[in-house]
Every structure is written in C-alpha cells, then in structure tokens.
Amino acid sequence: MKHSVRVILIASLLASPAAPAEMFALPAGGVDLIGAPRVATAQQEDTLLDLARRHSVGYEEIVKANPGLDPWLPGAGTDVLLPKERILPRARREGIVVNLPEHRLYYFAPARAGEPAVVYSYPVAIGKMDWNTPLGVTRITQKVKNPSWYPPQSVREARARQGERLPAVVPPGPDNPLGHRAMRLAIPGGAYLIHGTNRPAGIGMQATSGCLRLYPEDIESLFEMVAVNTRVNIVNQPFKRGWRGGALDVGVHPPLEEDTVEPPQLSDLTRLIVEATRETLTPVDWTRVQQAYREARGMPVRVSADPAMFAQGDR
C-alpha cells in the first residue's frame with residue numbers, strides 16, 4: 001500500500017470501536033479449522049478498515065475477502081464478508097505461533113484444569129521488504145508497560161533519508177510507535193518486539209521494521225495473558241491445509257514481498273495436498289485447488305471432492 005494511503009487510514013482507525021479478542025476452543029486431534037465466516041453490514045460512514053478493526057481482522061484479509069468493493073466507501077447497506085474461518089498453521093500448538101503471509105498471530109493458551117484448551121487469534125503487521133521479521137522459534141524475554149522506544153540506528157538513518165529526524169529515545173505517550181505495551185523477543189541481532197501502536201493503519205500488512213504490531217486493544221489483551229519465557233514460533237506458510245469432519249480444506253495467502261521474485265508455485269500446493277491425503281482415500285477436486293491458488297484469498301476452500309463424482313465417472 002502506498003505511504004499516502006496509509007496516512008489517510010489513521011484517523012478512521014483511531015476512531016474505530018475496539019474489537020474483542022477472538023477466542024476459540026482448541027479443536028480435537030485431526031481437526032485443523034476454527035471459526036466460521038460471517039457477514040457485516042456496512043453503515044454509511046464505514047470503510048473496510050473500520051469494519052476490519054471492529055471485527056478483529058486485518059487490512060489485506062478483508063480486502064481479499066471482498067474483491068470489487070471500494071475499501072474507502074463500500075456503501076450503506078453493503079454486506080461485507082468477514083473472513084473469520086481459519087486453518088491453523090502447521091506448527092506445535094503451544095505458546096504463540098505467527099504465520100507471516102497470513103499476517104496473523106495465534107496464542108495457544110495453557111489449558112486450565114477442568115476447562116477446555118483455547119486458542120486466541122489476532123491480526124498483526126509484520127516486517128516489510130528489507131526489514132523482514134525473522135523466522136524460527138524464540139521466546140518472550142521481557143514485558144514492558146508504557147515502553148520507551150529506542151530507534152535502531154538503521155531505522156534512524158532510513159528515516160533521515162526521508163527527511164524525518166528521529167530522536168535517540170521516544171518516551172511513552174501518544175507519539176510512541178510501540179503503543180502502551182511491548183514484549184521483547186529473544187532474537188539475536190536486533191530489538192524485535194511484539195507491541196502495540198499509535199498508528200493502527202498498517203495492521204494486517206507488511207508495514208513494520210521487523211517487529212510484530214497489534215491493534216492497541218489486542219496487545220493489551222495478549223499482554224495480560226502471556227508470560228515471560230512463552231514460546232514463540234514464527235513461520236512462513238503461504239499454503240495451509242486442514243481437516244474437519246473428514247474433509248480437506250486449503251488456504252492460499254499471497255507470498256511475502258521478499259518471496260515474490262521466486263513465489264511459491266502450484267506444484268508446492270499440490271505436494272502439500274498429496275502429503276495430506278497420503279494415508280486417506282479422500283478424492284481431490286483439482287479444479288478447486290487451481291482456483292484457490294489463482295485467487296489467493298486466504299480463506300479456507302473445500303477441495304475434497306464428492307466421492308459420487310468419481311463413482312459416476314467409473315461407470
């Protein structure tokens with residue numbers, strides 16, 4: 001998204017009502033999907049960004065879910081699809097898992113005695129081109145309320161080239177880009193944080209200098225639940241697959257900016273599906289697979305074919 005467009009978003013998003021944290025019962029073994037799609041009706045003053053924050057989704061996912069709608073003026077009475085059904089990433093269901101192409105963070109909360117295990121889901125902004133969010137397993141080393149921001153020298157130099165002079169320290173307050181909460185990650189070679197923001201326009205996009213940025217209300221929710229030493233696993237999974245009720249779904253997300261030179265191919269998605277169905281007899285509708293790949297809308301697409309189709313063909 002262009003810089004000028006991001007600036008336009010700020011006033012609208014700052015005025016948007018806070019979104020509740022998304023919480024789901026953790027699916028049993030063999031089930032990989034959570035949630036269900038929903039529809040919101042736009043009011044006269046709504047933009048897609050207003051609706052995104054109100055319903056805990058990010059910019060790119062709500063735009064992808066509603067092709068053809070004007071992000072700035074969907075229009076009073078317009079039904080807007082909310083992509084609230086998700087395939088969980090292929091990762092250990094423990095602590096925090098962030099899938100970068102999805103621009104989404106999952107928190108698998110520790111199960112309490114006598115209560116079902118749950119997973120929370122939040123949209124995030126991630127590192128932009130040349131400021132990649134590092135992949136791999138790390139942990140939270142520190143939690144800070146009302147943090148000061150110490151801009152890295154590389155960030156100060158980059159801002160200086162744009163005509164902006166950053167101080168060595170930005171104290172807590174409305175001008176602090178970390179917002180009111182920050183959690184430090186044990187990633188060598190940089191000050192990588194999970195934090196809030198005073199500019200929520202970029203949530204759901206590649207818009208940071210490597211950190212993971214959440215809506216202000218979301219970081220406050222997550223901050224209260226997460227403990228120091230919580231495991232954090234950052235993955236790059238543009239293709240996801242998941243089972244529910246014996247049926248197979250896939251989700252295709254656009255690749256990260258740094259992966260667009262050599263983007264994931266349809267053959268990679270095909271390989272993922274073949275591996276998933278290796279021990280089952282599930283027939284696959286490859287036409288739906290190709291369509292999901294072309295559209296890359298992120299939402300789960302059912303690719304299990306009706307066995308009756310194959311039975312008809314064998315006659």
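Trainee: Which residues lie nearest the centre of the largest pocket?

Mentor: This is a predicted model, where local features need pLDDT of at least 70 and side-chain atom pairs count only at pLDDT 80 or more, while totals for chains, interfaces and linings use all residues. Residues are numbered from 1 along each chain as its sequence is written, and side-chain values use heavy atoms, with hydrogens and water left out. A pocket is an open set of points on a 1 Å grid over the protein atoms alone, where a 1.4 Å probe fits, with protein on both sides within 12 Å along at least five of seven lines; lining residues have an atom within 4 Å of a point. The largest one has 42 lining residues, and those nearest its centre are Trp-149, Val-155, Arg-159, Ser-209 and Arg-213.

Trainee: Okay, which helix or strand gives the most to that lining of the largest pocket?

Mentor: Helices (H or I, at least four residues) and strands (E, at least two) are DSSP runs, numbered from the N terminus. Elements supplying at least two lining residues each include helix H1 (3-14), strand S10 (136-145) and helix H4 (153-161). With four residues, the top giver is H4.

Trainee: Moving on, is Pro-83 buried or exposed?

Mentor: Pro-83 sits in the loop between strand S4 (79-82) and strand S5 (86-87). Leaving aside neighbours within four places in sequence, Pro-83 is in contact (heavy atoms within 4.5 Å) with Val-57, Glu-61, Ile-62, Ala-65 and Met-299. Under 20% relative accessible area counts as buried, over 50% as exposed, and in between as partly exposed (1.4 Å probe, protein chains only). Pro-83 has 4%, so Pro-83 is buried.

Trainee: How far apart in space are Pro-83 and Gln-43?

Mentor: Along the sequence, 40 residues separate Pro-83 and Gln-43. Going C-alpha to C-alpha, their distance in space is 19 Å.

Trainee: How many residues of strand S15 are buried?

Mentor: Check both sides of the strand. Arg-231, Asn-233 and Val-235 point one way, Val-232 and Ile-234 point the other way, and all are buried. For S15 (residues 231-235), the count is five of five.

Trainee: Which residue in S15 is the bridge partner of Val-137?

Mentor: Two strands pair if DSSP finds at least two bridges between them. S10 and S15 run antiparallel and are joined by four bridges, while strand S6 (residues 95-99) runs parallel to S15, also with four bridges. The S15 partner of Val-137 is Asn-233.
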